[in-house]
Amino acid sequence: MPIHITRADLMSKRLPPKKKDRNQYVHPNPRRLYCIMPAEEAAKRPKEEFTELEIIGNVSRLSSSLWQMTSLTSLYLNNNSLTSIPGEISLLVNLAHLNVSCNKLRTLPPEIGDMQSLRELLLNHNKIVTLPTQLGKLFKLCKLVN
């Protein structure tokens with residue numbers, strides 16, 4: 001079905017709304033909201049309450065307590081100094097968005113293939129040469145940047 005653009009549309013620089021493609025992937029939170037809270041307040045809240053987490057500050061190792069935050073849907077670990085991601089990351093069963101770009105990663109754990117909810121995996125600007133074959137099990141994966 002052709003799209004008809006009237007002269008009034010061109011004059012106002014507005015185009016008719018596009019028909020939504022059901023196969024098109026849309027990130028649920030295109031403009032991340034930043035909520036910086038003191039460590040004391042974060043410690044008081046139950047770990048199940050957090051759905052998004054961004055870890056910044058030249059981090060080279062991840063705390064094992066991170067794997068208890070099973071309600072996380074988005075995890076931003078970009079711009080750190082991570083050299084590896086532990087296999088326990090697969091415990092984050094609800095994780096849909098994982099950004100580990102701009103680190104020092106050489107490999108990914110094979111357990112990443114068990115993360116069935118993963119839709120977006122950003123790996124760019126690392127030292128990864130080969131990807132684990134288990135990534136083929138991620139049927140919901142819509143965006144892979146390496």
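In the predicted model, the side chains of Asp114 and Lys137 form a salt bridge with an N-to-O distance of 3.1 Å, a salt bridge being a side-chain nitrogen of Lys or Arg within 4 Å of a carboxyl oxygen of Asp or Glu. This pair connects distant parts of the chain, 23 residues apart: Asp114 belongs to the loop between β3 (97-99) and β4 (120-122), and Lys137 to the loop between β4 and β5 (143-145). Asp114 is partly exposed at a relative accessible area of 43%, and Lys137 is likewise partly exposed, at 37%. Here, buried denotes under 20% relative accessible area, exposed over 50%, and partly exposed the range in between, computed with a 1.4 Å probe on protein chains only. By the stated rule, the count of salt bridges is one.

The model is predicted, and local features require a pLDDT of at least 70, side-chain atom pairs count only at pLDDT 80 or more, and totals for chains, interfaces and linings use all residues. Residues are numbered from 1 along each chain as its sequence is written, and side-chain values rest on heavy atoms, with hydrogens and water left out.

The secondary structure of the protein consists of two helices and five strands, where helices (H or I, at least four residues) and strands (E, at least two) are DSSP runs numbered from the N terminus. From the N terminus, the elements follow the order α-α-β-β-β-β-β. The five strands form an open sheet with parallel pairing, arranged as β1-β2-β3-β4-β5; two strands are taken to pair if DSSP finds at least two bridges between them. From one strand to the next, the twist averages 5°, with axes fitted as lines to C-alpha atoms (for helices, over the stretch in contact) and angles running from 0 to 180 degrees between N-to-C directions. Three bridges join β1 to strand β2 (residues 74-76) in the parallel sense, and Leu53 stands opposite Leu75 in β2.

Buried residues account for 32% of the 146 residues in the protein. The largest nonpolar core contains 26 residues, of which Leu62, Leu72, Leu75, Leu77, Ile85, Leu98 and Ile112 touch the most other members. Such a core is a set of buried Ala, Val, Leu, Ile, Met, Phe, Trp, Tyr and Cys residues joined through side-chain atoms within 4.5 Å. Leu75, which stands opposite Leu53, is thus one of the residues that touch the most other core members.

Contacts, defined by heavy atoms within 4.5 Å, were examined for two residues, leaving aside residues up to four places away in sequence. Ile112 touches Leu98, Leu118, Leu121, Pro132, Leu135 and Leu138. Leu121 lies in strand β4 and is buried, with 0% relative accessibility. The contacts of Leu121 comprise Leu98, Ile112, Leu135, Leu141, Lys143, Leu144 and Val145. The C-alpha atoms of Leu121 and His97, 24 residues apart along the chain, are separated by 6.2 Å. Across the protein, 20% of the contacts between residues at least 6 apart in sequence join residues at least 24 apart.

Several loop residues were also examined. Val93, in the loop between β2 and β3, is partly exposed at 48% relative accessibility. A distance of 8.5 Å separates the C-alpha atoms of Val93 and Thr73, which are 20 residues apart along the chain. Most residues other than glycine have a negative phi. Asn58, in contrast, has a positive phi near 60°; this residue lies in the loop between β1 and β2 and is exposed, with a relative accessible area of 57%. His125 also has a positive phi, of about 60°, although it is not a glycine. His125 is located in the loop between β4 and β5 and is exposed at 58% relative accessibility.

The count of disulfides is zero, a disulfide being a pair of cysteine sulfur atoms within 2.5 Å. Cys102 is partly exposed, with a relative accessible area of 29%, and Cys142 is partly exposed at 42%.
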